[in-house]
Amino acid sequence: MSSLVSIRNLTKTYQRGPEKVQVLHGIDLDITHGDFVALMGPSGSGKTTLLNLIGGLDNPSGGEIDIEGQRIDQMNDAQLAQWRSHHVGFVFQFYNLMPTLTAQKNVELPLLLTKLGAAQRKRNAEVALQLVGLADRGSHRPNELSGGQQQRVAIARAIVSDPTFLICDEPTGDLDRHSAEEILGLLQQLNREHGKTIIMVTHDPKAAEYATHTIHLDKGELTDTPATH
Ligand SMILES: Nc1ncnc2c1ncn2[C@@H]1O[C@H](COP(=O)(O)OP(=O)(O)O)[C@@H](O)[C@H]1O
Ligand SMILES: [Mg+2]
């Protein structure tokens, strides 16, 4: 299997006032197509920073990020935005849904960046909502849905444009155990049955059981590397 993500000597330094804070210290990481990677580590260890770099939400300070042969570390902001819209689906801890829009319209949002017409956008969003088990909730607004349902809408929104991979930052961090397991089961299904590559930050040791690989970050360094093939 070919590498989807290939990271070499990745560093990230933030400027905090007069102070430079190095958060990632030369990360090497390979992620293969079809992997479901759980990224674990203490709070402040740099998990979100690493995830955002892989998802092209931020620029590294040094090193290389090659994703399917594209060096995203060398892209400018406009190129990166374009690349993200084609390749990455994002799922966040607090869902980040638009409160005034229905579930259906929330899921359609990423498609506004594509050339699809209104009827096709509607159909694709319906398919995505069906996939997450919410076909009958399309007309509900976020505040009319439970936390677990809102996260499922967010997952539908993340997959609606059929991205190359999903980036999930503590997707179950705000959910009760039962809803958390539903969300993890759904992510596992997307990985196993639909071949979606998933990179997920989690604090939950149980969450790692759903993944195909677990890696640990501590103080900006990976303490292990996944046994990719
Ligand atoms: N935009 C930023 N500016 C300055 N420091 C930041 C910024 N984002 C994160 N940090 C710092 O980088 C470190 C790692 O943060 P983060 O990647 O969010 O860790 P984690 O997700 O593992 O909790 C923390 O010390 C945090 O304070
Ligand atoms: Mg974080």
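Q: What makes the approach of the lysine 196 side chain to the backbone oxygen of proline 163 a polar contact?
A: In this predicted model, a polar atom of the lysine 196 side chain lies 2.5 Å from the backbone oxygen of proline 163. The cut-off for a polar contact is 3.5 Å between N or O atoms, and 2.5 Å is within it, so the pair counts.

Q: Where is lysine 196, and which residues is it in contact with beyond its neighbours within four places in sequence?
A: Lysine 196 is in the loop between H6 and E8. Setting those neighbours aside, its contacts are Asp35, Asp162, Pro163, Leu190 and Asn191. For these, contact means heavy atoms within 4.5 Å.

Q: In what order do the six strands lie, and what makes two of them edge strands?
A: The order in this open sheet is E6-E7-E8-E3-E9-E10, with mixed pairing. Strand E6 (88-91) and strand E10 (221-222) each pair on one side only, and they are the edge strands.

Q: How do you know that E4 and E5 pair, and in which sense?
A: Strand E4 (residues 62-67) and E5 have two bridges between them, in the antiparallel sense. The requirement is at least two, so E4 and E5 count as a pair. Isoleucine 67 has glutamine 70, in E5, as its bridge partner.

Q: Which strands make up the open sheet of four, and where are its edges?
A: The order is E2-E1-E4-E5, paired antiparallel. Its edge strands are strand E2 (19-32) and strand E5 (70-71), each of which pairs on one side only. Helix H1 (residues 47-54) packs on this sheet, touching strand E1 (3-16), E2 and E4.

Q: What lines the largest pocket, and how much space does it hold?
A: About 400 Å³ of space lies in the largest pocket. The lining has 16 residues, and Val88, Phe90, Pro110, Leu113 and Arg157 lie nearest the centre. Helix H2 (77-87), E6 and H5 are the elements that give two or more residues to the lining.

Terms used: Residues are numbered from 1 along each chain as its sequence is written. Chains are lettered from A and ligands numbered from 1 in the order in which they are written. This is a predicted model: local features need pLDDT of at least 70, side-chain atom pairs count only at pLDDT 80 or more; totals for chains, interfaces and linings use all residues. Side-chain values use heavy atoms; hydrogens and water are left out. A polar contact is a pair of N or O atoms within 3.5 Å; within protein, one must be able to donate a hydrogen and the other to accept it, and residues adjacent in sequence count only if both atoms are side-chain atoms. On a 1 Å grid over the protein atoms alone, a cavity is a set of points where a 1.4 Å probe fits but cannot get out, and a pocket is an open set with protein on both sides within 12 Å along at least five of seven lines; lining residues have an atom within 4 Å of a point. Grid points are joined across faces, edges and corners, and a volume is the space filled by probe spheres set on the points. Axes are lines fitted to C-alpha atoms, for helices over the stretch in contact, and angles run from 0 to 180 degrees between N-to-C directions.
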